[in-house]
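Reader: I have a new structure open and would like to go through it piece by piece. Can you start with whatever you have at hand?

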Amino acid sequence: MRIRNHVAIWTLTFGTSIVIPQSAIQSAVRNPQSAMRYSAIRTPQSAMRYSAMAGSTSWRTLFDGKSLNAWRGYKTDKIPDGWKVANGTLAKDTRVEDIVSKDEFGDFELEMDWRIGEAGNSGIFYRGTEEYDHIYWSAPEYQLLDDIKASDNQTRLTCAGAAYALYPSPPGHLKPVGDWNTTRIVARGPHVEHWLNGVKLLEYELGSPDWEAKVKASKFSDWPNYGRAAKGHIAMQGDHAGSLAFRNIRIRPL
(Lines give C-alpha, C1' and ligand atoms only; values in the text may rest on other atoms or scores of the structure.)
Protein backbone atom coordinates (compact mmCIF):
# COMPACT_ATOMS: atom_id res chain seq x y z
CA MET A 1 0.00 0.00 0.00
CA ARG A 2 1.33 3.43 -0.91
CA ILE A 3 1.47 6.10 1.76
CA ARG A 4 1.10 9.53 0.30
CA ASN A 5 2.14 12.75 1.98
CA HIS A 6 3.42 10.84 5.00
CA VAL A 7 6.87 10.18 6.40
CA ALA A 8 7.72 6.83 8.03
CA ILE A 9 10.28 7.05 10.80
CA TRP A 10 12.14 4.04 12.24
CA THR A 11 12.93 4.42 15.93
CA LEU A 12 16.21 2.72 16.78
CA THR A 13 15.56 2.88 20.51
CA PHE A 14 12.37 0.85 20.48
CA GLY A 15 12.64 -0.98 17.15
CA THR A 16 9.27 0.22 15.92
CA SER A 17 8.09 2.46 13.12
CA ILE A 18 5.59 5.26 13.23
CA VAL A 19 3.98 7.14 10.37
CA ILE A 20 3.75 10.89 10.64
CA PRO A 21 1.72 12.94 8.17
CA GLN A 22 3.77 15.24 5.97
CA SER A 23 1.49 18.07 7.07
CA ALA A 24 2.51 17.40 10.65
CA ILE A 25 6.19 17.65 9.72
CA GLN A 26 5.55 20.98 8.06
CA SER A 27 3.54 22.13 11.06
CA ALA A 28 6.33 21.07 13.40
CA VAL A 29 8.78 23.21 11.49
CA ARG A 30 6.50 26.19 11.99
CA ASN A 31 5.49 25.19 15.54
CA PRO A 32 7.69 22.63 17.41
CA GLN A 33 4.98 22.06 20.02
CA SER A 34 2.78 20.35 17.43
CA ALA A 35 5.35 17.56 17.15
CA MET A 36 4.66 16.50 20.74
CA ARG A 37 1.55 14.60 19.69
CA TYR A 38 3.73 12.08 17.86
CA SER A 39 6.25 11.45 20.66
CA ALA A 40 6.05 7.88 21.99
CA ILE A 41 6.62 7.57 25.74
CA ARG A 42 7.82 4.04 26.45
CA THR A 43 10.23 4.44 29.38
CA PRO A 44 10.73 6.82 32.33
CA GLN A 45 13.72 8.26 30.49
CA SER A 46 11.74 9.10 27.38
CA ALA A 47 8.95 10.45 29.56
CA MET A 48 11.43 12.81 31.20
CA ARG A 49 12.70 13.97 27.81
CA TYR A 50 9.12 14.55 26.70
CA SER A 51 8.33 16.57 29.81
CA ALA A 52 11.50 18.58 29.47
CA MET A 53 10.66 19.39 25.85
CA ALA A 54 7.19 20.43 26.97
CA GLY A 55 8.71 22.97 29.33
CA SER A 56 8.07 21.32 32.70
CA THR A 57 9.76 22.37 35.93
CA SER A 58 13.47 21.76 36.25
CA TRP A 59 14.93 19.07 38.46
CA ARG A 60 16.20 20.09 41.88
CA THR A 61 19.05 18.23 43.54
CA LEU A 62 18.33 17.09 47.11
CA PHE A 63 21.69 15.38 47.56
CA ASP A 64 24.73 16.16 45.44
CA GLY A 65 27.17 13.75 47.06
CA LYS A 66 28.73 16.46 49.20
CA SER A 67 26.22 18.28 51.39
CA LEU A 68 23.28 17.44 53.67
CA ASN A 69 21.99 21.02 53.57
CA ALA A 70 18.60 19.91 52.21
CA TRP A 71 18.01 17.52 55.12
CA ARG A 72 17.39 17.44 58.86
CA GLY A 73 16.05 15.05 61.47
CA TYR A 74 12.38 14.38 62.18
CA LYS A 75 11.14 17.17 64.47
CA THR A 76 14.67 18.56 64.85
CA ASP A 77 16.91 20.96 62.96
CA LYS A 78 19.93 18.67 63.34
CA ILE A 79 21.08 15.73 61.24
CA PRO A 80 20.70 12.61 63.41
CA ASP A 81 23.92 10.92 64.47
CA GLY A 82 24.77 8.03 62.18
CA TRP A 83 23.90 9.61 58.83
CA LYS A 84 27.02 10.61 56.91
CA VAL A 85 28.38 11.59 53.53
CA ALA A 86 30.67 8.79 52.39
CA ASN A 87 32.24 8.46 48.94
CA GLY A 88 29.58 10.63 47.37
CA THR A 89 26.67 8.84 49.05
CA LEU A 90 24.25 9.59 51.87
CA ALA A 91 24.83 6.56 54.08
CA LYS A 92 24.29 4.88 57.42
CA ASP A 93 25.69 1.67 58.92
CA THR A 94 23.39 0.98 61.85
CA ARG A 95 20.09 2.04 63.42
CA VAL A 96 19.62 5.81 63.25
CA GLU A 97 16.76 8.29 63.48
CA ASP A 98 14.86 9.11 60.30
CA ILE A 99 16.07 11.92 58.05
CA VAL A 100 13.60 14.29 56.34
CA SER A 101 13.77 16.97 53.67
CA LYS A 102 13.69 20.52 54.98
CA ASP A 103 11.20 21.49 52.29
CA GLU A 104 7.76 20.03 51.63
CA PHE A 105 6.48 18.78 48.28
CA GLY A 106 2.99 18.16 46.94
CA ASP A 107 2.88 17.02 43.32
CA PHE A 108 6.32 15.78 42.31
CA GLU A 109 8.55 13.32 40.54
CA LEU A 110 11.29 11.94 42.80
CA GLU A 111 14.30 9.89 41.71
CA MET A 112 17.22 8.36 43.55
CA ASP A 113 19.62 5.42 43.56
CA TRP A 114 19.86 3.19 46.63
CA ARG A 115 21.94 0.27 47.81
CA ILE A 116 20.95 -1.82 50.81
CA GLY A 117 22.98 -4.26 52.90
CA GLU A 118 22.29 -7.93 53.50
CA ALA A 119 18.93 -8.48 55.28
CA GLY A 120 18.43 -4.71 55.12
CA ASN A 121 15.09 -2.96 55.59
CA SER A 122 14.27 0.70 55.05
CA GLY A 123 11.86 2.97 53.22
CA ILE A 124 11.29 6.25 51.42
CA PHE A 125 8.40 8.31 52.78
CA TYR A 126 6.58 11.04 50.88
CA ARG A 127 4.10 13.78 51.84
CA GLY A 128 4.99 13.19 55.48
CA THR A 129 3.96 15.55 58.26
CA GLU A 130 5.30 16.02 61.79
CA GLU A 131 1.97 15.84 63.63
CA TYR A 132 2.63 12.36 65.05
CA ASP A 133 5.49 10.70 66.95
CA HIS A 134 6.74 8.95 63.79
CA ILE A 135 6.64 9.95 60.14
CA TYR A 136 5.28 6.56 59.02
CA TRP A 137 2.08 7.35 60.90
CA SER A 138 1.33 10.07 58.32
CA ALA A 139 3.38 9.29 55.21
CA PRO A 140 2.95 6.54 52.60
CA GLU A 141 6.11 4.47 52.19
CA TYR A 142 8.05 3.08 49.25
CA GLN A 143 9.62 -0.03 50.75
CA LEU A 144 13.37 -0.72 50.46
CA LEU A 145 14.37 -4.30 51.25
CA ASP A 146 16.70 -7.18 50.69
CA ASP A 147 13.93 -9.42 49.37
CA ILE A 148 16.03 -12.56 49.87
CA LYS A 149 17.09 -12.37 53.53
CA ALA A 150 15.12 -9.58 55.24
CA SER A 151 12.40 -10.73 57.62
CA ASP A 152 9.80 -8.55 55.87
CA ASN A 153 10.02 -10.73 52.74
CA GLN A 154 7.09 -13.00 53.70
CA THR A 155 4.61 -11.04 51.58
CA ARG A 156 4.92 -8.85 48.50
CA LEU A 157 3.03 -6.19 50.46
CA THR A 158 6.30 -5.46 52.29
CA CYS A 159 8.91 -6.36 49.66
CA ALA A 160 11.02 -3.86 47.73
CA GLY A 161 8.99 -1.27 45.84
CA ALA A 162 5.70 -1.99 47.60
CA ALA A 163 3.46 0.75 48.96
CA TYR A 164 4.15 -0.61 52.41
CA ALA A 165 1.40 -2.90 53.73
CA LEU A 166 -1.13 -1.62 51.18
CA TYR A 167 -0.14 -2.39 47.58
CA PRO A 168 2.22 -5.25 46.63
CA SER A 169 5.12 -5.02 44.22
CA PRO A 170 5.76 -7.70 41.59
CA PRO A 171 8.96 -9.75 41.94
CA GLY A 172 11.82 -9.86 39.49
CA HIS A 173 12.94 -6.23 39.23
CA LEU A 174 15.23 -5.85 42.26
CA LYS A 175 18.99 -6.06 41.77
CA PRO A 176 21.16 -8.23 44.05
CA VAL A 177 22.34 -6.89 47.40
CA GLY A 178 25.36 -4.67 46.85
CA ASP A 179 24.14 -3.37 43.48
CA TRP A 180 22.52 0.02 42.97
CA ASN A 181 18.78 0.23 42.31
CA THR A 182 16.97 3.26 40.89
CA THR A 183 13.65 4.33 42.37
CA ARG A 184 11.17 6.75 40.87
CA ILE A 185 8.06 7.97 42.69
CA VAL A 186 5.43 10.06 40.93
CA ALA A 187 2.72 11.82 42.95
CA ARG A 188 0.19 14.01 41.20
CA GLY A 189 -2.89 14.82 43.25
CA PRO A 190 -4.27 11.50 44.50
CA HIS A 191 -2.44 9.49 41.84
CA VAL A 192 0.80 7.76 42.93
CA GLU A 193 3.20 5.53 40.99
CA HIS A 194 6.11 3.40 42.24
CA TRP A 195 8.88 2.58 39.74
CA LEU A 196 11.97 0.40 40.17
CA ASN A 197 14.83 0.14 37.68
CA GLY A 198 12.73 1.50 34.83
CA VAL A 199 9.65 -0.63 35.53
CA LYS A 200 6.37 0.67 36.94
CA LEU A 201 5.60 -1.65 39.84
CA LEU A 202 2.27 -0.26 40.95
CA GLU A 203 -0.05 2.72 40.99
CA TYR A 204 -2.88 3.73 43.28
CA GLU A 205 -5.30 6.53 44.07
CA LEU A 206 -5.16 8.10 47.52
CA GLY A 207 -8.65 8.40 49.00
CA SER A 208 -10.23 5.96 46.56
CA PRO A 209 -12.64 3.31 47.93
CA ASP A 210 -9.96 0.66 47.33
CA TRP A 211 -7.32 2.67 49.18
CA GLU A 212 -9.68 3.49 52.06
CA ALA A 213 -10.50 -0.21 52.48
CA LYS A 214 -6.84 -1.20 52.50
CA VAL A 215 -5.94 1.47 55.06
CA LYS A 216 -8.86 0.47 57.27
CA ALA A 217 -7.64 -3.14 57.25
CA SER A 218 -4.04 -2.15 58.08
CA LYS A 219 -2.21 -0.82 61.11
CA PHE A 220 -2.47 2.67 59.60
CA SER A 221 -6.14 2.85 60.58
CA ASP A 222 -4.95 3.99 64.02
CA TRP A 223 -3.87 7.36 62.57
CA PRO A 224 -6.73 9.27 60.92
CA ASN A 225 -4.48 11.55 58.87
CA TYR A 226 -2.38 8.79 57.34
CA GLY A 227 -1.80 9.54 53.65
CA ARG A 228 -4.11 12.56 53.62
CA ALA A 229 -1.65 15.46 53.44
CA ALA A 230 -1.63 17.29 50.10
CA LYS A 231 2.06 18.07 50.61
CA GLY A 232 4.77 17.08 53.03
CA HIS A 233 8.34 15.98 53.59
CA ILE A 234 10.39 13.36 51.78
CA ALA A 235 12.06 11.10 54.35
CA MET A 236 14.41 8.12 54.62
CA GLN A 237 13.87 5.48 57.27
CA GLY A 238 16.86 4.74 59.44
CA ASP A 239 15.58 2.76 62.43
CA HIS A 240 16.45 -0.71 61.11
CA ALA A 241 19.82 -2.38 61.48
CA GLY A 242 22.21 -2.70 58.58
CA SER A 243 23.85 -0.56 55.93
CA LEU A 244 22.07 1.70 53.48
CA ALA A 245 23.26 4.28 50.96
CA PHE A 246 21.62 6.78 48.60
CA ARG A 247 22.95 8.85 45.72
CA ASN A 248 21.65 11.09 42.91
CA ILE A 249 18.59 12.24 44.87
CA ARG A 250 16.58 14.74 42.84
CA ILE A 251 13.01 15.99 42.64
CA ARG A 252 10.90 18.25 40.49
CA PRO A 253 7.44 19.71 41.14
CA LEU A 254 4.73 18.69 38.71
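Author: The largest cavity has a lining made up of Trp 114, Ile 116, Leu 145, Asp 146, Leu 174, Lys 175, Pro 176, Val 177, Gly 178, Asp 179 and Asn 181. Keep in mind that this is a predicted model.

Reader: How much space lies in the largest cavity?

Author: About 40 Å³.

Reader: And how do the residues of its lining divide into nonpolar, polar and charged?

Author: The lining of the largest cavity has 6 nonpolar, 2 polar and 3 charged residues.

Reader: How many cavities of 30 Å³ or more does a search of the whole structure find?

Author: The search finds 1.

Reader: Let me step back. How many helices and strands does the protein have?

Author: There are 3 helices and 15 strands. The protein has 254 residues, and 44% of them are buried.

Reader: Now the inside. Which residues touch the most other members of the largest nonpolar core?

Author: Leu 110, Ile 124, Phe 246 and Ile 249 do, in a core of 48 residues. Strand S8 gives the most to this core, with 5 residues. Another core lies apart from it and has 6 residues, including Tyr 74, Phe 125, Ile 135 and Ala 139.

Reader: Take Phe 246. What does it touch, beyond residues up to four places away in sequence?

Author: Phe 246 touches Phe 63, Trp 83, Thr 89, Leu 90, Met 112, Asp 113, Trp 114, Ile 124, Leu 144, Trp 180 and Met 236.

Reader: On to the loops. Where does Tyr 226 lie?

Author: Tyr 226 is in the loop that runs between helix H3 (209-216) and strand S14 (232-236).

Reader: Is Tyr 226 buried or exposed, and why?

Author: Tyr 226 is buried, because its relative accessible area is 3% and buried means under 20%.

Reader: What is around it?

Author: Leaving out residues up to four places away in sequence, Tyr 226 touches Tyr 136, Trp 137, Ser 138, Ala 139, Pro 140, Glu 141, Leu 166, Trp 211, Val 215 and Phe 220. Tyr 136 is 90 residues from Tyr 226 in sequence, and their C-alpha atoms are 8.2 Å apart.

Reader: And Gly 65, where is that found?

Author: Gly 65 sits in the loop between strand S3 (60-63) and strand S4 (71-73). With 16% relative accessibility, Gly 65 counts as buried. Apart from neighbours within four places in sequence, Gly 65 is in contact with Val 85 and Gly 88.

Reader: What about Pro 168?

Author: Pro 168 belongs to the loop between strand S10 (141-145) and strand S11 (181-188). Pro 168 counts as partly exposed, at 42% relative accessibility.

Reader: What is Pro 168 in contact with, leaving aside neighbours within four places?

Author: The contacts of Pro 168 are Arg 156, Leu 157, Ala 162 and Leu 202. Arg 156 is 12 residues from Pro 168 in sequence and 4.9 Å from it, C-alpha to C-alpha.

Reader: Last topic, backbone angles. What is the phi of Asn 87?

Author: Near 55°, which is a positive value in a residue other than glycine. Asn 87 is in the loop between strand S5 (84-86) and strand S6 (89-92), and Asn 87 is exposed, at 83% relative accessible area.

Reader: And the phi of Ala 119?

Author: Ala 119 is not a glycine, yet its phi is positive, about 65°. Ala 119 is in the loop between strand S8 (108-116) and strand S9 (121-128). Ala 119 is partly exposed, with 37% relative accessible area.

Note on methods:
Residues are numbered from 1 along each chain as its sequence is written. This is a predicted model: local features need pLDDT of at least 70, side-chain atom pairs count only at pLDDT 80 or more; totals for chains, interfaces and linings use all residues. Side-chain values use heavy atoms; hydrogens and water are left out. Helices (H or I, at least four residues) and strands (E, at least two) are DSSP runs, numbered from the N terminus. Buried means under 20% relative accessible area, exposed over 50%, partly exposed in between (1.4 Å probe, protein chains only). Contact means heavy atoms within 4.5 Å. A nonpolar core is a set of buried Ala, Val, Leu, Ile, Met, Phe, Trp, Tyr and Cys residues joined through side-chain atoms within 4.5 Å. On a 1 Å grid over the protein atoms alone, a cavity is a set of points where a 1.4 Å probe fits but cannot get out, and a pocket is an open set with protein on both sides within 12 Å along at least five of seven lines; lining residues have an atom within 4 Å of a point. Grid points are joined across faces, edges and corners, and a volume is the space filled by probe spheres set on the points. Ala, Val, Leu, Ile, Met, Phe, Trp, Tyr, Cys and Pro count as nonpolar, Asp, Glu, Lys and Arg as charged, and the others, Gly among them, as polar.
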